[in-house]
Amino acid sequence: MRLLVGAMVGVALFLMGAPELVRAEEREPLLVCAPCSRAFFHEAERVVRELGLEGRVAVTLSSCLGPCQQGHIIAFRGEVYRAMDADTLRTLLQVSFSLP
């Protein structure tokens with residue numbers, strides 16, 4: 001029962017326009033490789049915010065995701081992406097969430 005009430009509160013907050021108050025566990029993780037791509041973390045958060053996806057995507061630092069020598073590394077929906085930048089991330093999220 002407690003879980004159901006918590007989920008209902010999260011949905012209500014999201015619908016009321018407070019997506020940042022929805023728990024991170026209820027959002028899809030976008031993992032940023034902490035060892036090599038920590039500098040990209042705030043840029044990824046900014047892109048998520050600009051697209052209005054704060055209630056659907058949680059940007060989180062992770063352990064090593066792989067080929068650090070190939071630019072910023074992220075993981076999303078089970079796939080690892082290399083050489084990530086803001087424009088590439090924006091396109092990835094737009095396609096993933098069917099945004100214009």
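**Exercise 1. Work out which residues of helix H3 are buried and where they sit around the axis.**

Start with the burial. In H3 (residues 41–50), Phe41, Ala44, Val47 and Val48 are buried, where buried means under 20% relative accessible area, exposed over 50% and partly exposed in between (1.4 Å probe, protein chains only). Helices (H or I, at least four residues) and strands (E, at least two) are DSSP runs, numbered from the N terminus.

Next, go around the axis. These residues cover an arc of only 125°, which puts them on the same side of H3; the arc is that of the directions from the helix axis to the C-beta atoms. The background is simple: an α-helix has 3.6 residues a turn, so residues three or four places apart point the same way.

Then look at the cover. It includes S1, helix H2 (34–37), S2 and helix H4 (86–96). Just past the end of H3, glycine 52 has a positive phi of about 70°.

A quick word on the model: it is predicted, so local features need pLDDT of at least 70 and side-chain atom pairs count only at pLDDT 80 or more, while totals for chains, interfaces and linings use all residues. Residues are numbered from 1 along each chain as its sequence is written, and side-chain values use heavy atoms, with hydrogens and water left out.

**Exercise 2. Find what phenylalanine 40 touches, not counting residues up to four places away in sequence.**

First place it: phenylalanine 40 is in the loop between H2 and H3. At 0% relative accessibility, phenylalanine 40 counts as buried. Now list the contacts (heavy atoms within 4.5 Å): His72, Ile74, Met84, Asp85, Ala86 and Leu89.

**Exercise 3. Trace how strand S3 pairs with S1 and with S4.**

Take S1 (residues 28–33) to begin with. It runs antiparallel to S3, joined by three bridges; two strands pair if DSSP finds at least two bridges between them. Here leucine 30 has phenylalanine 76 of S3 as its bridge partner.

Move on to S4 (residues 79–84). Four bridges pair it with S3, again antiparallel, and phenylalanine 76 stands opposite glutamate 79. The hairpin of S3 and S4 has two residues between the strands, and arginine 77 there takes a positive phi near 55°.

To finish, consider burial: four of the five residues of S3 (residues 72–76) are buried, so this strand is largely enclosed by the rest of the structure.
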